[in-house]
Amino acid sequence: MLRTATAPIGLGSSRLNTTPCKPSQHAGMLPRSKTHLHSSDATPLCSLGKKLPIGRLAHKAAAALNHEPVLSHHQPVLSGEALESMAPFSPFKKVLAANRGEIAIRIFRAGTELGLRTVAVYSPADRLQPHRYKADEAYQSMGDKIQARRAALECGVTVVPGTEGAVASADEAKAFADSVGYPLIMKAAMGGGGRGMRVVHSDGELVEAFQRASNEAKAAFGDGRMFIERYVEEPRHIEIQVLADNYGNVVHLYERDCSVQRRHQKVVEMAPSLGLNPKTRAALLDEAVRLVKHVGYRNAGTVEFMVDKEDRYYFLEVNPRVQVEHTVTEEITGIDIVQSQIRIAGGTSLKELGLGSQEDVPPINGFSIQCRVTSEDAAQNFQPDSGRLEAYRVPGGPGIRLDGAVTTGNVMSRYYDSMLAKVIASAPTFGSAVQKMHRALQEFQVRGIKTNTPFLLNVLRHPEFLAGNITTSFIEKHSSQLFNFEGHQSESSSKLLLYLANMVVNGPQHPGSNGTDPATVIPTPLVLLPDNERIRRDGEMFWCLEDQRLGRRLCAGTRACCSRTPPCVMHTNPSWLRACAPLTWWLRRKQPRTSYAAQMLLRGANAVGYTSYPDNAVDAFVREARLCGVDIFRVFDSLNYIDNLKFGVDSVRAAGGVAEATLCYTGDVADPSRTKYSLDYYVDLAQQLVDHGIHALAIKDMAGLLKPKAASLLVGALRARFPDLVIHVHTHDSAGTGVATQLAAAAAGADIIDCCVDSMSGTTSQPSMGAIVNSLHGTDLDTGINPMEILPLTHTHKQTRELYRPFESSMKAVTSDVYLHEMPGGQYTNLKIQANSLGLGGDWGKICKSYADANRALGDIVKVTPSSKVVGDLAQFMVQNDLDEESLVAKASELSFPSSVVEFFQGYLGQPPGGFPEPLCSRVLKGKPSISGRPGASLPPLNLEALEYQLREKYGAITKQDVLSAAMYPKVFDEFKSFQLKYGDLIEKLPTRAFLAPLEEDEEVEVEFAKGVCATIKYKAMGELQPNGEVLMSYSITMSCTG
């Protein structure tokens, strides 16, 4: 406990409470402080001085801080008569700073210059650390936001619509929201500093936001009540510094702009505000003084306002204290605000301070900017970092002021605020001040912990900041640029080294790896032809190359060709031109990409996921993909469910994309005994799609079931029915018939056929490009490709494939058993890996048989992602439980099926041809609800705004693409963000082998950190295992410029 025998001066934001206590029953002596800031001989507790009233200053000092605090005295530099003759008169001789860190030092310096002895507050847990504990002084009622608002209304100051009093429950908050609408902002009724503050945009967010904000406010300020008001979007945050004495005199010291904020906490402050309308400035200054006079305010304080885009302003609150950003006002006025605060508290008038009237206040002198340097990692959602400061070199030079309280060797604790220092740059112009600040932050060198300086530098470089176009949403609006730390080598390299070190110590941990090492041979670089030579035309045959990480796919066709990313699209007759009119129009206006169009797969109502999503989520995904440059969408449905297909086509067309609808192939149209998926079935389905307005039609044969005769029949029938329709055929070579199938498809009238470079082709991949090109050479369908030009592709990708040896499947040759189990090519390899992980690798033959049984039990369905996953999950379930098709149906009522199987029967993927088989369907569902019709039509809309809010709360900077990714794959997205935050973005620039396998000792890799900046990283050695389980790794980094 502390005696309030001195004047507590606080500049922070947390309210500190205490009560007087009696002297200790022990010796009554205080031990010497062990910090580098203050030291004194032990002093009896009872000799701290008399208790004095200081204006209306509340007598509040430090709280117990969970430990028994310890006091130490800061002795004045001068003493005796010399000091007394220099210092102004004051009725008290000591000042207690109920703070820690740079704020406490700021008070101590001011007190020392005034000839006062100063008292510091320490807790044993912080006995070796400088203090920065934010204390909130309560001079009068203005510390309460509710009472401050009432006072503003009384004197005619404009306020934002808000609650009459403090709100204690979410129900009260909801009632207020119903009356004024959204958006709203919640604030802790008795606090500040951004704690307990939330913006709410809808009813769906309100209850959770209120509970979290209230809990945060109660933890920080001891009071969970909230003040709620209408949220003014994208305002400037302008605050007016005022000084008021005990005799009714008030002056302002101009304004500060504190608009650069993150989660309502100030990051960068400046004075004066750049670009503020002069009339608005004058009105704010006038209203601030009028409000302070109205309530009889005394001492230093800040009146805060919001200013919207139309220069309308609204009162926010009064902070009855000197704020962290007071420094910029001191720099442009030359007035020591802290000394003024202390002297006013002692009874000095403004006139005695030389500020008897507003005209006596010095005019604004230049510009000043303050940046708060903290021990936070901006790349990890500003997570506070802790540890010892191995090196701490601070900036200096003309125009730079540093308010800090740490030095080399100090330990940054996780128990206190993360402030390292405040850097203040001042200059005659705003541009000069920015340049000085930029230089100072670059001079700031900290080792041992992470800091936010890369983020601050990005803020200073941003064009909108430099132009003064800043609002409170500045960071949120420009997060993709502000949180791009690629150029900050210390941040990026540290994370990259962490990944490389983890690979050496713990070994590769890549999902799906078979445990083999990648090849050491570096693939021969492939020299690509210039863009205008990459497409060749000879007669009616065209070809193009697709750049991919693992290979390049060549697509050849009789009229046109396209590949997926980045594709080339060509046309040779009016039918293709008419079919792709929106695409060709886009190609004409989007220069210089006149020969390229990007294509992606879209699983209809399943978007790119494994289940059905609400319609608004799919529409939002397609719109964003279109905006990002995707032109052609190959729309398919895993069950060929026409309603899902139509929805996907509608979504693509609404977004302005090219809709290539897809027939997913299964069965055998050449086999008269296979009647479910007959030739008529596919032609009728195609007719419905053409009638719906598609631009092109694809046949998607994922299992490689399309035999040459079937290809001739199917493509021929479609060409006869739709002579002007673009037809695209995609197949896999699992059975070894892929080349023959594609040749047959081309002969029957297909416009586009897919194939793969030789060294990447065959088995579960696509058929061989070389085989197709050579087979067509000299025929009417000659591609015009010189077969010799394919060989460099084959060679390069043969070497590249060896780098990915850890992910090769055990399938060494084609297998015709695909005609029995009908397993898609991609699933064949993935299911093998999954079976091995479940200990079923030895039962692969049994799994293949069970796959066929599972397919029949499910009603012989189309098997494409995600329906193929349903069949695969059921097949493994049958093997694990020793079930065949008959026993599966017989025991279904007693079994607990995989969730994918249950959701299939519930209708979450749509309706299969012929409906769901009975009695299996009823026995699997066991009374669970089911969906009839298109799933997305009955699903409630996804609240994308609420999802974005949750992601920002968790990860900080979030893009629209992030929101949609999380909507499709929430668990995968979380894993990706965690990996990205831990290891950074530079990991993408590692050479493939260094990414997949650990470096050997003295092995080095070259990484391009930024354009023109490369680093050579060499692994040197691994140290001994430490008691804490960590290992010290040694690397050398050599930086070079590539010009």
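This is a predicted model: local features need pLDDT of at least 70, side-chain atom pairs count only at pLDDT 80 or more; totals for chains, interfaces and linings use all residues.
Residues are numbered from 1 along each chain as its sequence is written, and side-chain values use heavy atoms, with hydrogens and water left out.

**Overall build**

- The protein has 35 helices and 33 strands; helices (H or I, at least four residues) and strands (E, at least two) are DSSP runs, numbered from the N terminus.
- Of its 1043 residues, 57% count as buried, where buried means under 20% relative accessible area, exposed means over 50%, and partly exposed is in between (1.4 Å probe, protein chains only).
- Among contacts with a separation of 6 or more, 69% come from residues 24 or more positions apart; a contact here means heavy atoms within 4.5 Å.

**Confidence**

- The average pLDDT of the protein is 79, and 80% of the residues score at least 70; pLDDT is the predictor's confidence in each residue, from 0 to 100.
- Over residues 129–139 pLDDT stays under 50, and the model has 73 contacts beyond four places in sequence for them.

**Tyrosine 908 and its surroundings**

- Tyrosine 908 sits in the loop between helix 29 (899–906) and helix 30 (920–925), and it counts as partly exposed because its relative accessibility is 26%.
- Leaving aside neighbours within four places in sequence, tyrosine 908 contacts Thr611, Ser612, Glu903, Ile931, Pro935 and Leu939.
- Asparagine 606 is 302 residues away from tyrosine 908 along the chain, yet their C-alpha atoms are separated by 9.5 Å.

**Cysteines**

- A disulfide is a covalent bond between the sulfur atoms of two cysteines.
- With the criterion of a pair of cysteine sulfur atoms within 2.5 Å, a search of the whole structure finds zero disulfides.
- Cysteine 756 is accordingly in no disulfide, and the nearest cysteine sulfur, that of cysteine 755, is 7.9 Å away.
- Cysteine 756 counts as buried because its relative accessibility is 7%, and cysteine 371 is buried too, with a relative accessible area of 0%.

**Aromatic rings and charges**

- The whole structure holds 22 aromatic pairs; rings of Phe, Tyr and Trp (its six-membered ring) pair if their centres lie within 6.5 Å, and planes under 30 degrees apart count as stacked, over 60 as edge-to-face and the rest as tilted.
- One of these pairs joins tyrosine 955 and phenylalanine 973, whose ring centres are 6.1 Å apart and whose planes stand at 85 degrees, so the pair is edge-to-face.
- Tyrosine 955 belongs to helix 32 (residues 944–955) and phenylalanine 973 to helix 34 (residues 970–983), so the pair ties together parts that are 18 residues apart in sequence.
- Both tyrosine 955 and phenylalanine 973 are buried.
- Elsewhere, ring pairs link Tyr499, Phe979, Tyr983 and Phe995 into a cluster.
- Lysine 700 lies over the face of phenylalanine 636, at 4.6 Å from the ring centre; a charge sits over a ring if NZ of Lys or CZ of Arg is within 6 Å of the ring centre and within 35 degrees of the ring normal.
- Arginine 934 lies over the face of phenylalanine 647, at 4.5 Å from the ring centre.

**Backbone details worth a look**

- Most residues other than glycine have a negative phi, and most peptide bonds are trans.
- The peptide bond from threonine 865 to proline 866 is cis, with omega near 10 degrees, and proline 866 is placed in the loop between helix 26 (844–857) and helix 27 (867–880).
- Glutamate 918 and proline 919 are also joined by a cis peptide bond, with omega about 10 degrees; proline 919 lies in the loop between helix 29 and helix 30.
- Histidine 264, in the loop between strand 9 (250–262) and strand 10 (265–271), has a positive phi near 70 degrees and counts as partly exposed at 22% relative accessibility.
- Glutamate 822 has a positive phi near 60 degrees; this residue is found in the loop between helix 24 (818–821) and helix 25 (825–837) and is buried, with a relative accessible area of 6%.
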